[in-house]
Amino acid sequence: MNLSITRRRTKRNHLLAMALAAALLLALWPGAAASASAGAASPIKVFVDTSQIQLTADPVTDKGTTFVQFRPLFESMELEVDWDPDKKLVTGSRPGLEIQLGIGETTATVNGTKVALGAGARVVNGNTLVPLRFVGEATGSIVYWDPANREITIVTEKLWTALGMTKEEVERRLAELRPTPSAPADPPATTPPSDPGNPANPGNPANPDTGKPTSPSKPVDLKHLQGMYYNIRDDFGGYECGGTCWDMYTFFPGGKVFVGTPKNGGPETIDCAKDGCTTYTISKGKLVLGNGHSYPIKVDDKGHLWINDNAMTAVEPVPANLRLEGSYQHIGYTGLIGVNAAASSWTEYLDFAKDGTFASTDLMLSSLGSGTSVSTDAAASSSDKGTYSISGNTITFKFGDGNVVKSLFFLHDGDPTDVQIGDRNFYIDDDE
């Protein structure tokens, strides 16, 4: 998926948005990894706040409505369950609320008031299933569909109260996380189509800061792929990439591709003979890698490259003799901030000067992503000052203790205040 992150926000707002995303979307990295490689659509998972509902039968999707087992759903939402076999009537109740659904009925009752349903409760393979979205919203909750990981989260008042937020604030935050048209009322019966209409991925990728459409410098030709492309992917649990993952593909002539962040700097430093490139072929809309993985691939009518239903952005060479100036920051986290007591967050700072020097009090060598580190002194300790230089798409840090680190470097949307260093995004926060 291509959910853009607004990079220029205050530290408080940035962390709050990440915490909310972690608590609400729950796209934990094992699930994200599985969804990227799975050949067939995986069963839909259902969460209430931060807990997954344990179902003994997979949810069923029919004509845009998702049905789940009534008892686990009701109990997870703290509803007392009652089943009348004679009337074939399902009831969920708690103080101040009573929901009743009859098997096969196109209306339900909420606190004595009849409500029309698009589809009523039903029995499938001996399991009584109820329309999930109706039940969630009848309790006053927010129902959120995450198509990338095929997960539905019911966000209850209990959670947003614990986060110190209102329902309206939660809805607004969710809208910010997905600045494109909202997802379908319920997940489709199959994996969302790989086309510009997929609401999780805008057909014309937008600048995450302005929201305005961007266009590639030239249309992509699948028969002659060349260069590095990247996509931003949210790691909502923070366990895979500290909050934000960067999927990168660098294509070479002869049907070879390097997947991931280069080890020695920019794409120009990749040596396929040493760095582990793999072969690839493109056939019938599939990118098939030599390691056995395959992903949907296409070029849309605007000339954008799409891989695995994600709009990719080409890495452009940086201007010659570029110098940076100002205090840049990178924010990361692990765990469900504000929910999980073991969660943590961090901010790393890099201060650049136009004279080619830098300083940092929070940066470790390992924080520069996959950059290569060499040292004139094997026992040298880390340093927080040194010089830097930029050539091609490689930034070279020379620390005062003799350590030298080379990392991938490029500008986001041509903006020198918003840069990529290795697998991390550093930016100047204009609001601070």
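The legends below describe close-up views of a predicted model. Residues are numbered from 1 along each chain as its sequence is written, and side-chain values use heavy atoms, with hydrogens and water left out. Local features need pLDDT of at least 70 and side-chain atom pairs count only at pLDDT 80 or more, while totals for chains, interfaces and linings use all residues.

**View 1. An open sheet of 4 strands has the order E2-E1-E13-E12, with mixed pairing.** Strands are DSSP runs of E of at least two residues, numbered from the N terminus, and two of them pair if DSSP finds at least two bridges between them. Strand E2 (51-52) and strand E12 (142-146) each have a single partner strand, so one side of each is left without a neighbour in the sheet. Strand E1 (residues 45-48) runs parallel to strand E13 (residues 151-155), joined by 4 bridges, and Val 46 stands opposite Ile 152 in E13.

**View 2. Phe 251 and Tyr 280 form an edge-to-face pair, because their ring planes stand at 75 degrees, with the centres 5.2 Å apart.** Rings of Phe, Tyr and Trp (its six-membered ring) pair if their centres lie within 6.5 Å, with planes under 30 degrees apart counted as stacked, over 60 as edge-to-face and the rest as tilted. Phe 251 lies in strand E15 (residues 244-252) and Tyr 280 in strand E17 (residues 278-283), so the pair ties together parts 29 residues apart in sequence. Both Phe 251 and Tyr 280 are buried (under 20% relative accessible area, with exposed over 50% and partly exposed in between; 1.4 Å probe, protein chains only).

**View 3. Ring pairs link Tyr 328, Phe 352, Phe 358, Tyr 388, Phe 397 and Phe 399 into a cluster.** Phe 352 is buried at 5% relative accessibility, and Tyr 388 is buried at 4%.
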